[in-house]
Amino acid sequence: MARPDQLRSIDAPPTLADTVAALAGEFSRTAAEHDRNGAFPFANFDRLAEAGLLALVTPRRFGGLGGGLRDAAAVIGGIARGEPSTALVLSMQYLQHASMEERGWPAPLAERLGREAAAGVSLINALRVEPELGTPARGGVPATVARHTPEGWRVSGHKIFATGIPILSWLAVWAVTDEAEPRVGTILVPAKSPGIRVVESWDQLGMRATNSHDVILDDVPVPLDHAVDLRPPEAWRVPEPVKSAWGAVLIGALYDGIARAARDWFVGFLKTRAPANLGAPLATLPRMQDAVGEIEARLAVNARLLASAARDVDDGRPPSPNESGIVKLTVTGNAIAAVEAAVRLTGNPGLARANPLERHYRDVLCARIHTPQDDSIRLAAGRLALGL
């Protein structure tokens with residue numbers, strides 16, 4: 001029987017954790033179908049909007065919930081346990097909304113995007129990666145050009161990996177200006193602008209429902225004040241601590257959420273699988289208990305790292321970009337190792353498409369491709385330690 005302090009009044013409002021758990025359970029019921037078909041989960045975002053979660057980190061004065069990184073990480077990790085492609089698109093929304101004011105976006109535009117997110121399904125993501133450039137984090141100037149005209153900007157270029165493009169309302173396009181002294185940065189482009197074409201190129205091993213297709217911009221007209229963050233190229237060489245921490249924690253939380261979903265399935269499998277020669281569930285074997293303990297250890301480390309980094313950011317003490325990179329490297333590495341252990345120990349059932357573990361394995365491997373990538377993180381940490 002529950003203690004009095006465990007009882008909830010029948011009319012008490014649900015907590016954030018309650019809401020996220022309910023939505024994750026709902027999203028999990030169609031996750032396999034979205035993965036199989038590569039179909040974008042539009043309905044999931046209707047539900048997130050109804051819960052106010054698209055505006056979780058939007059300031060209260062714009063109608064948002066005013067949440068910080070701890071809140072955002074809890075939502076992303078929770079939603080990822082149900083349907084990780086939805087969580088990835090949502091994490092990109094949070095990254096953009098959390099950085100608008102800090103990075104000096106024009107106040108009217110920041111307010112507009114915030115109020116839109118609070119009012120309904122309005123999402124934004126950055127379009128940075130290009131076929132020739134690769135990820136901007138490794139250096140180089142984008143081939144996408146913002147041409148200055150008396151009427152505004154005209155933006156032309158080819159972007160790849162535009163996560164969530166079927167539902168985006170706004171594109172934060174990484175471009176270089178055609179000015180005498182070129183600047184590099186973000187041009188805010190309405191997603192329904194003329195001259196934008198989506199090439200449905202996304203057919204990946206994991207995170208299939210993100211629909212991270214190519215986007216072609218052909219002389220797209222943009223108002224002058226939509227150049228929201230342009231700087232000389234050299235000004236982008238030094239990573240920003242707050243932005244680095246938000247990226248590391250949210251990406252870490254997402255893939256940790258996938259690993260926790262895999263752990264849950266694996267534990268259920270061990271409790272119910274009873275081979276005839278054993279005459280008892282696999283969970284009774286010390287070897288399996290040891291394996292689950294290893295997974296639990298990895299996930300416990302993840303929880304501590306994510307909670308600590310998020311708390312420091314919310315308290316105004318963001319870790320250095322180098323430390324944030326190490327958090328991402330460690331958390332995602334633990335997530336991958338945890339799922340790999342579950343797959344290894346289940347054998348053929350773990351790789352059967354009828355079981356979700358196979359999907360979790362494909363999804364968690366995608367952690368390795370997010371910026372900054374593992375080799376870049378290790379290189380930066382090594383150079384720092386060596387004083388180079």
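The questions and answers below go through a predicted model of a protein chain.

Visitor: How are residues numbered, and which residues count in this predicted model?

Guide: Residues are numbered from 1 along each chain as its sequence is written, and side-chain values use heavy atoms, with hydrogens and water left out. Because the model is predicted, local features need pLDDT of at least 70 and side-chain atom pairs count only at pLDDT 80 or more, whereas totals for chains, interfaces and linings use all residues.

Visitor: How many helices and strands are in the protein chain?

Guide: Helices (H or I, at least four residues) and strands (E, at least two) are DSSP runs, numbered from the N terminus. In the protein chain these runs come to ten helices and eight strands.

Visitor: What is the radius of gyration of the protein chain, and what does the globule rule give for 388 residues?

Guide: The radius of gyration is taken over C-alpha atoms, and the globule rule is 2.2 Å times the number of residues to the power 0.38. The protein chain is as compact as a globular protein of that length, because the two values are close: a radius of gyration of 22 Å, and 21 Å from the rule.

Visitor: What percentage of the 388 residues in the protein chain is buried?

Guide: A residue is buried under 20% relative accessible area, exposed over 50%, and partly exposed in between (1.4 Å probe, protein chains only). By this division, the buried part of the 388 residues is 49%.

Visitor: Which residue in S8 stands opposite Val184?

Guide: Strand S8 covers residues 227-231, and four of its five residues are buried. Strand S5, residues 184-190, runs antiparallel to S8 and is joined to it by four bridges, where two strands pair if DSSP finds at least two bridges between them. The residue of S8 opposite Val184 is Arg231.

Visitor: Over the ring of which residue does the charged end of Arg231 sit?

Guide: A charge sits over a ring if NZ of Lys or CZ of Arg is within 6 Å of the ring centre and within 35 degrees of the ring normal. The charged end of Arg231 lies 4.0 Å from the centre of the ring in question, which belongs to Trp236.

Visitor: How many aromatic pairs are found in the whole structure, and what is the angle between the planes of Phe40 and Phe45?

Guide: Rings of Phe, Tyr and Trp (its six-membered ring) pair if their centres lie within 6.5 Å, and planes under 30 degrees apart count as stacked, over 60 as edge-to-face and the rest as tilted. A search of the whole structure finds five aromatic pairs. Among them is the stacked pair of Phe40 and Phe45, with 5.5 Å from centre to centre and planes at an angle of 10°.

Visitor: What is the centre to centre distance of the pair formed by Trp265 and Phe269?

Guide: Trp265 and Phe269 are four residues apart in helix H6 (residues 241-272), so about one helical turn separates them. Both residues are buried. Their rings are stacked, with 15° between the planes and a centre to centre distance of 5.2 Å.

Visitor: Is Ser324 buried or exposed, and which residues is it in contact with?

Guide: Ser324 is found in helix H8, residues 321-346, and its relative accessibility of 3% means that it counts as buried. Contact means heavy atoms within 4.5 Å. Leaving aside neighbours within four places in sequence, the contacts of Ser324 are Ser244, Ala245, Ala248 and Pro319.
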